[in-house]
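Here is a briefing on the model shown below.

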Amino acid sequence: MRPEPRLIEVRKNVLKQNDVVARALRDRFRAAGVFVVSLVSSPGSGKTAFLEKTLTFLRPNYRVAALVGDLATENDALRLARSEAPVKQITTGTLCHLEAAMVQSALEGWDLNQLDFLFIENVGNLVCPSSYDLGEDLRLVLISVTEGEDKPLKYPTIFNSADVAVVTKVDLAAAVEFSWETAYDNIQAVRPGMPVLKVSAKTGEGMEEYLSFLAVHLIELRQAVVV
Amino acid sequence: MHELSIAMSIVELVEEETERRGVQIDAVHLKLGALSGVVKAALLSCYEMACENTPLQGSRLVIEEVPVVIFCPTCQAQHPLSSIQLFCCPECGTPCSEILQGRELEVVALEIQECAPNPV
């Protein structure tokens, strides 16, 4: 008997399991008419402050809720709860990103039909979350002015996977000599055509434009579902 | 660093295949896109770890790196990108957002040791 190496073709996506769950989630979100936004950024870019403001501003007119991923603490969920919107923490332990199955189990007991917007705050990380589809309609990547304009060039994969970029902490732009043009060009280099918004969660600057952006997307989603 | 979870997914996926087919694995061939978000070197070392105490222990991971290929609306043609920091047509400079290739994270083939049938 002589062993012979042989190749057998397989062609299987390594993340198939995640993609299957993400697709099921997306179908559920569509059926319920809820618009789902995921937020990704590096730690400290102001995701939680931005999300807290988002929930607070949307709440008078929309039914909103949030899931928030964090390695170890529940601090973010406690902060977001101040908006009085339903918030659930997903503690990932040592895992550096959220996966679709975690979103699925966190949603247990929630009636999606009672929601207009669901926000999913990923773990602060610009590398790992890019590979995992969470079933979201829109992936929003945040970059704060204090991080520097070259973040998109350093992390092109996550910026390329996003649908909209939001530059946060713009109230500090002058103090850190942030160049809006350079940041904008860098974002466009790695993701041509991506809309870029400027906000300050602290002063409220740019929040109105961002909220109308979301409102338009919700209308479009519901029209698409009806058609 | 999510390469360990990726490596574990690979091992799980291949184990299923080998059980189903009743074969022993020598090597796993993987396509890795430049936009997959996975680092080759890290994945290779994590793969070894993930294989420990599994039927795949001692197997090799053979990675084929796949460059990003975009479609240029101006040239009406596809081009590979030399850098993922600039999504522009290398020929005419048009910004290109249509990605044809480069997100792969796919097990494409398994190399197995097979015993040739005994000559009759």
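Val69(B) stands opposite Gln101(B) in strand E5(B). This is a predicted model, in which local features need pLDDT of at least 70, side-chain atom pairs count only at pLDDT 80 or more, and totals for chains, interfaces and linings use all residues. Residues are numbered from 1 along each chain as its sequence is written, while chains are lettered from A and ligands numbered from 1 in the order in which they are written.

**Strand pairing in chain B**

- Two bridges join E3(B) to E5 (residues 99–101) of chain B, and these strands run antiparallel. Strands (E, at least two residues) and helices (H or I, at least four) are DSSP runs, numbered from the N terminus.
- E3 (residues 69–72) of chain B is also joined to E4 (residues 77–80) of chain B, antiparallel, by four bridges. Two strands pair if DSSP finds at least two bridges between them.
- Ile70(B) has His79(B) as its bridge partner in E4(B).
- A hairpin is formed by E3(B) and E4(B), with four residues between them. In the turn, Gln76(B) has a positive phi of about 55°.

**Contact between chains A and B**

- Chain A gives 31 residues to the contact and chain B gives 32 residues. Two residues are in contact if their C-beta atoms, placed from the backbone, lie within 7 Å.
- On the chain A side, strand E1 (3–13), helix H6 (156–161) and helix H7 (180–190) each give two or more residues.
- The largest share of that side, eleven residues, comes from E1(A).

**Nonpolar cores**

- The largest nonpolar core has 66 residues, of which Ala66(A), Phe117(A) and Val141(A) touch the most other members. Such a core is a set of buried Ala, Val, Leu, Ile, Met, Phe, Trp, Tyr and Cys residues joined through C-beta atoms within 7 Å.
- Another core, of 23 residues, lies apart from it and includes Val11(B), Cys51(B), Leu56(B) and Leu61(B).
- Beyond its neighbours within four places in sequence, Phe117(A) is in contact with residues including Val34(A), Phe35(A), Leu58(A) and Leu218(A).

**Positive phi in chain A**

- Glu84(A), in the loop between helix H3 (75–81) and strand E4 (87–91) of chain A, has a positive phi near 70°.
- Glu84(A) is exposed, with 11 other C-beta atoms within 10 Å. A residue is exposed at 12 or fewer such atoms, buried at 20 or more and partly exposed in between, with C-beta atoms placed from the backbone.
- Glu177(A) is not a glycine, yet has a positive phi of about 50°.
- Glu177(A) is exposed too, with 8 other C-beta atoms within 10 Å.
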